[in-house]
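Let's take a look at this structure together, one topic at a time. Have the sequence and the 3D view at hand as you read.

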Amino acid sequence: MSILSVSLIVSFTAVVATTAASAQETRITNFRYDKTISIESNYAKFEKTARSACTYISSLHRFKARKECRDDLMNQAIVATKQLPMIVYHNQMIGEDRRSTALTKR
């Protein structure tokens, strides 16, 4: 039996503040959901992909901007899987205070 997986193309826009103005960039990142491994393993792979995708950000507030980028990518990727167990796991990982409306509308 072949590995069942879903490739997700998630585009995001990050607004990066600089001293003079803000720059806007759109990138496409490929997330791969593998149905043959655990939710926790898939989630860890998603986090690694999001972290890697957001390393391009360089600004005065780099840490905050990269974190916002990673959070946004993770939310989009998790919703795109349409896998309720993955969505529930993500909601548990981020906690009630950071839960987005997109993740709770199911």
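## How the helices are compared

Axes here are lines fitted to C-alpha atoms, for helices over the stretch in contact, and angles between their N-to-C directions run from 0 to 180 degrees. Please keep in mind that this is a predicted model.

## Two helices packed together

Helix 1 packs against helix 2 at an angle of about 140 degrees, and their axes lie 9 Å apart. Helix 1 is therefore oblique to helix 2, since only angles over 145 degrees would count as roughly antiparallel. The crossing of helix 1 past helix 2 is right-handed.

## The disulfide

You will find 1 disulfide in the structure. It is formed by C54 and C69, whose sulfur atoms are 2.0 Å apart. The link of C54 and C69 is left-handed, with -80 degrees about the S-S bond. This pair joins distant parts of the chain, 15 residues apart: C54 sits in the loop between helix 1 (39-53) and helix 2 (62-81), and C69 belongs to helix 2.

Are the two cysteines buried or exposed? C54 counts as buried because its relative accessibility is 0%. C69, at 4% relative accessibility, counts as buried too, as the cut-off for buried is under 20%.

Methods. Residues numbered from 1 in each chain as written. Predicted model: local features only at pLDDT ≥ 70, side-chain atom pairs only at ≥ 80, totals over all residues. Heavy atoms only, no water. Disulfide = S-S within 2.5 Å. Helix = DSSP H or I, 4+ residues; strand = E, 2+ residues; numbered from the N terminus. Buried < 20%, exposed > 50% of the residue type's maximum accessible area, 1.4 Å probe, protein only. Parallel < 35°, antiparallel > 145°, perpendicular 65-115°, else oblique. Left-handed = near helix turned anticlockwise from the far one by under 90°.
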